[in-house]
Amino acid sequence: MEHISHVVSLDWARFEKKQKDSIDDNTIAIVNELFIRFAAIFPSFRHTYKTTAELNATKTQWMLGFMNANINTSEQLDRGLCKCVADERGFIP
């Protein structure tokens, strides 16, 4: 098995930290709302994240993705969540 430093570029880690530092308050609010609604939609939600650190890391990735896709309104979130409600798998995307 390879050491993590051989798999993950340190440049990527620096880039990701810079991105995290630039997360705006609106994106934080949208992602927090997303996860509250995930908990209501998906029965498996409570079993998905074993620790707060796992949940926070996942939220950070969603925030970065939302920022890159310019998703920053409740209306955009509502459109995406309509698809989640219609999905019958019962697992968080």
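**Entry 1: α3 against α5**

I began with how helix α3 (residues 25–41) meets helix α5 (residues 52–69): their axes come within 10 Å and cross at roughly 125°. This is a predicted model, in which local features need pLDDT of at least 70 and side-chain atom pairs count only at pLDDT 80 or more, while totals for chains, interfaces and linings use all residues. Residues are numbered from 1 along each chain as its sequence is written, and side-chain values use heavy atoms, leaving out hydrogens and water.

For my own reference, helices are DSSP runs (H or I, at least four residues) numbered from the N terminus. Axes are lines fitted to C-alpha atoms over the stretch in contact, with angles from 0 to 180 degrees between N-to-C directions.

α3 and α5 are therefore oblique to each other (under 35 degrees is roughly parallel, over 145 roughly antiparallel, 65 to 115 roughly perpendicular, and the rest oblique). I noted the crossing of α3 past α5 as right-handed (the near helix is turned clockwise from the far one by less than a right angle).

On the α3 side I found Ile28, Val31 and Phe35 among the residues in contact, and on the α5 side Leu55, Trp62 and Phe66 are included (contact means heavy atoms within 4.5 Å). By class, this contact of α3 with α5 has 11 nonpolar, three polar and one charged residues (Asp, Glu, Lys and Arg are charged; Ala, Val, Leu, Ile, Met, Phe, Trp, Tyr, Cys and Pro nonpolar; the others, Gly among them, polar).

**Entry 2: Leu55**

Which residues does Leu55 touch, leaving aside those up to four places away in sequence? I found Phe35, Phe45 and Tyr49.

**Entry 3: α3 against α6**

Next I looked up α3 and α6, which pack at about 25° with axes 11 Å apart. That makes α3 roughly parallel to α6. Their crossing is right-handed.

Glu33, Arg37 and Ile41 are among the α3 residues here, and they belong to a contact that includes Ser74, Asp78 and Val85 of α6. The residues of this contact divide into eight nonpolar, one polar and three charged.

**Entry 4: the largest pocket**

Last, I checked the largest pocket, which holds about 170 Å³ of space. Of its 11 lining residues, Trp62, Phe66, Leu77, Gly80 and Leu81 are the closest to its centre. α6 (74–86) gives the most to the lining, with five residues. The lining has nine nonpolar, two polar and no charged residues.

My note on terms: a pocket is an open set of points on a 1 Å grid over the protein atoms alone, where a 1.4 Å probe fits, with protein on both sides within 12 Å along at least five of seven lines; lining residues have an atom within 4 Å of a point. The volume is the space filled by probe spheres set on the points, which are joined across faces, edges and corners.

Technical notes:
Helix = DSSP H or I, 4+ residues; strand = E, 2+ residues; numbered from the N terminus.
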